[in-house]
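User: Hi! I am new to protein structures and would like to learn how to read one. Could you walk me through this one, feature by feature?

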Amino acid sequence: MAASSKASTLALLLLALTVSSAVLGLAATTCTPTQLTPCAPAIIGNAAPTAACCAKLKAHPATCFCQYKKDPNMKRYVNSPNGKKVFAACKVPLPRC
């Protein structure tokens with residue numbers, strides 16, 4: 001019985017570690033601004049945002065926009081008048097950071 005009990009305990013421990021790893025993996029967000037390249041013509045060139053642009057904005061984590069607002073290389077795009085127009089046209093609220 002002791003061997004069976006140890007095996008059960010080990011199986012439960014492995015299950016708990018697997019679930020914890022999965023949850024942590026979902027919680028960790030990787031911000032990749034290149035995923036938003038479909039929005040470049042709208043933000044930089046004043047074109048209307050495409051459906052692809054809006055889909056990418058909606059799928060992008062809001063926490064990333066906060067990082068972009070603080071990044072010297074990215075904030076000029078996110079905070080620009082055209083950037084704000086794109087967010088509004090796509091009905092994606094810019095988070096308050």
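Analyst: Happy to! Let us start with a bond: a disulfide joins Cys39 to Cys53, with an S to S distance of 2.1 Å. Before we go on, note that this is a predicted model, in which local features need pLDDT of at least 70 and side-chain atom pairs count only at pLDDT 80 or more, while totals for chains, interfaces and linings use all residues. Residues are numbered from 1 along each chain as its sequence is written, and side-chain values use heavy atoms, with hydrogens and water left out.

User: What is a disulfide, and how many are counted here?

Analyst: A disulfide is a covalent bond between the sulfur atoms of two cysteines. The working rule is a pair of cysteine sulfur atoms within 2.5 Å. By this rule the count comes to four disulfides.

User: Which hand does the disulfide of Cys39 and Cys53 have?

Analyst: Look at the torsion about the S-S bond: for Cys39 and Cys53 it is about 105 degrees, so this disulfide is right-handed. Cys39 lies in the loop between α1 and α2 and Cys53 in helix α3, so the pair ties together parts that are 14 residues apart in sequence. Helix names come from DSSP runs (H or I, at least four residues; strands are E, at least two), numbered from the N terminus.

User: Are Cys39 and Cys53 buried or exposed?

Analyst: Here is the scale: buried means under 20% relative accessible area, exposed over 50%, and partly exposed in between, using a 1.4 Å probe and protein chains only. Cys39 has a relative accessible area of 1%, so it is buried. Cys53 is at 0% and counts as buried too.

User: What about the disulfide of Cys31 and Cys64?

Analyst: In that disulfide the sulfur atoms are 2.0 Å apart. The torsion about the S-S bond of Cys31 and Cys64 is about -85 degrees, so the disulfide is left-handed. Since Cys31 lies in the loop between α1 (2–27) and α2 and Cys64 lies in helix α4, the pair ties together parts that are 33 residues apart in sequence. Both Cys31 and Cys64 are buried.

User: And where do Cys54 and Cys90 lie?

Analyst: Cys54 and Cys90 form a disulfide with sulfur atoms 2.0 Å apart, and with -70 degrees about the S-S bond, their link is left-handed. Cys54 lies in helix α3 and Cys90 in the segment after α6, so the pair ties together parts that are 36 residues apart in sequence. Cys54 and Cys90 are both buried. If you number the bonded cysteines of the chain in sequence order, the pairing reads 1-5, 2-3, 4-7, 6-8.

User: Which residues of the largest nonpolar core touch the most other members?

Analyst: A nonpolar core is a set of buried Ala, Val, Leu, Ile, Met, Phe, Trp, Tyr and Cys residues joined through side-chain atoms within 4.5 Å. The largest one here has 17 residues, and Cys53, Leu57, Phe65, Tyr68, Val86, Phe87 and Cys90 touch the most other members. At least two residues of this core come from each of α2 (40–45), α3 (51–59), α4 (62–70) and α6 (81–89).

User: What is Phe65 in contact with?

Analyst: Contact means heavy atoms within 4.5 Å. Leaving aside neighbours within four places in sequence, Phe65 is in contact with Leu36, Leu57, His60, Phe87, Leu94 and Pro95.

User: How many aromatic pairs are there?

Analyst: Rings of Phe, Tyr and Trp (its six-membered ring) pair if their centres lie within 6.5 Å; planes under 30 degrees apart count as stacked, over 60 as edge-to-face and the rest as tilted. By this rule the count comes to two aromatic pairs. Phe65 and Tyr68 form an edge-to-face pair, 6.1 Å centre to centre with 75 degrees between the planes. These two residues both lie in helix α4, three residues apart, about one turn of the helix. The rings of Phe65 and Phe87 have centres 5.0 Å apart and planes at 85 degrees, so that pair is edge-to-face. It links distant parts of the chain, with Phe65 in helix α4 and Phe87 in helix α6, 22 residues apart.

User: Which residues of α6 are buried?

Analyst: Asn82, Gly83, Val86 and Phe87 are buried in α6. Seen down the axis of α6, its buried residues fall within an arc of 140 degrees (taken from the directions from the helix axis to the C-beta atoms), so they line one face of the helix. On the other side of α6, Pro81, Lys85 and Ala88 are exposed. The buried residues of α6 pack against α2, α3, α4 and α5 (75–78).
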